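Welcome, and take a moment to turn the model around before reading on. The paragraphs below are meant as a friendly guide for a first visit.

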Amino acid sequence: QSSRRPFTDNTRKDYKTSFNKLISVLGEDLIAVVGDKHDNTKKLTAAGYRDSRIRNFYNAYVNLMRSHKIDDDIISYYSSFIKNHHLEYLKSQQSNELVSESQIENMISYPELVTYIDTLRLIKEDKEQVVYMILSIMKDRPYRINEFSRMKLINFKLFDAMDMSARDTSNWIVKNGWDYYFYFEQHKSTKGRPTPYQKIDKPLAKLIRKYIKDRNIVELQQLFPYTPEQLSQLMIEVSNRHIGKSVSSAILRKLVVSHRYQKTKEQTQEQIEFANSIGHSIETENLIYNKNITWEEHKKFINKEVSGL
């Protein structure tokens, strides 16, 4: 109620997770220890959390402090930590190369992604089929993993009768005869939102139709009944099992964008429309996601060969 902006259900879940993590390290009464600013950061670091995770925790923590009307002098320390980490992150992204060691280690090529998807197609285990469906979408449209956890099935007739406030309670896969569409809720967010209404091409629509039929998904039911965190873990679990790498949604987003636009990296109308369709600006796409992945893979190969001499 005290927040400066409305929270989505996913944000509430993320904040609850952050509070539980903070409590596990700082103790049950988080408000009692808000003044232990530097010690709190040291404890979280000692517990094995990276600055990026601590930043996410502090996003939730700052809102909790505001709801308890904590003095701005105390809040400013946590707000500064969040801001400084964000600025350092943006600075690190100026390079056209990958900078995250984890992403460098786990990056795959686009042909490897296609082969991986084809491998999962033949495996009928439930987890593999969920990941297969998500990857089949992401290889062309690398939406954020959060978007999948909010997707529900709906027929066009019911969808068409909804007012906008009802539509914007979920993401929808809209069935209209043999055609399917994505509808992405347009709630206010600090991040961009995907273009709301997007037609699904016929080959992907056929896969979605089969996925719905095989899993007996009915109208208003979720297609991927997992939280964003669970889906992220599932993606990594399955990729480790089949290709020996932790292929996260962030890696896939960079992989697909770079495959499509690294050679041009120009603000063409087609790339602008693509960036908008998956929920970010062209500037964000070229800064954060469009990287020289092919060169990184080549460097890894060279380093491995040299180390083996």
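What follows is a walk through the sheet, the cores and the aromatic rings.

Please keep in mind that this is a predicted model, in which local features need pLDDT of at least 70 and side-chain atom pairs count only at pLDDT 80 or more, while totals for chains, interfaces and linings use all residues. Residues are numbered from 1 along each chain as its sequence is written, and side-chain values use heavy atoms, with hydrogens and water left out.

Let us begin with the sheet. Four strands, in the order S1-S2-S3-S4, make up an open sheet with mixed pairing. Helices (H or I, at least four residues) and strands (E, at least two) are DSSP runs, numbered from the N terminus, and two strands pair if DSSP finds at least two bridges between them. At the edges are strand S1 (151-155) and strand S4 (197-199), each of which pairs on one side only. From one strand to the next, the twist averages 25 degrees.

S1 pairs with strand S2 (residues 171-176) in the parallel sense, over 5 bridges. Along this pairing, Met151 stands opposite Asn171 in S2, and Ile154 stands opposite Val174 in S2. S2 and S3 run antiparallel and are joined by 5 bridges; here Ile173 has Phe182 in S3 as its bridge partner. These two strands, S2 and S3, form a hairpin with 2 residues between them, and Gly177 in the turn has a positive phi of about 65 degrees.

Buried means under 20% relative accessible area, exposed over 50%, and partly exposed in between (1.4 Å probe, protein chains only). Met151 and Asn171 are 20 residues apart in sequence, yet 4.6 Å apart in space, C-alpha to C-alpha. Leaving aside neighbours within four places in sequence, Met151 is in contact with residues including Ile173, Phe182, Phe184 and Phe224; contact means heavy atoms within 4.5 Å.

Which nonpolar residues gather inside the model? The largest nonpolar core has 51 residues, and those with the most contacts inside it are Leu113, Phe148 and Phe224. Such a core is a set of buried Ala, Val, Leu, Ile, Met, Phe, Trp, Tyr and Cys residues joined through side-chain atoms within 4.5 Å. Helix H7 (residues 126-138) gives the most to this core, with 8 residues. A second, separate core of 20 residues includes Leu22, Val33, Ile54 and Tyr58. As a general background, nonpolar side chains in soluble globular proteins tend to be buried together.

Beyond its neighbours within four places in sequence, Leu120 is in contact with several residues, among them Val131, Leu135, Val238 and His242. Leu120 and Val238 are 118 residues apart in sequence and 9.2 Å apart in space, C-alpha to C-alpha.

Now for the aromatic rings. A search of the whole structure finds 18 aromatic pairs. Rings of Phe, Tyr and Trp (its six-membered ring) pair if their centres lie within 6.5 Å; planes under 30 degrees apart count as stacked, over 60 as edge-to-face and the rest as tilted. The rings of Phe182 and Phe184 have centres 5.7 Å apart and planes at 35 degrees, so this pair is tilted. Both Phe182 and Phe184 are buried. Tyr211 and Phe224 also form a tilted pair, because their ring centres are 5.5 Å apart and their planes are at 35 degrees. That pair links distant parts of the chain: Tyr211 is in helix H11 (residues 202-214), while Phe224 is in the loop between H11 and helix H12 (228-243), 13 residues apart. Tyr211 and Phe224 are both buried. One aromatic cluster is formed by Tyr143, Phe148, Phe182, Phe184, Tyr211 and Phe224.

Terms used
Axes fitted to C-alpha atoms, helices over the stretch in contact; angles between N-to-C directions.
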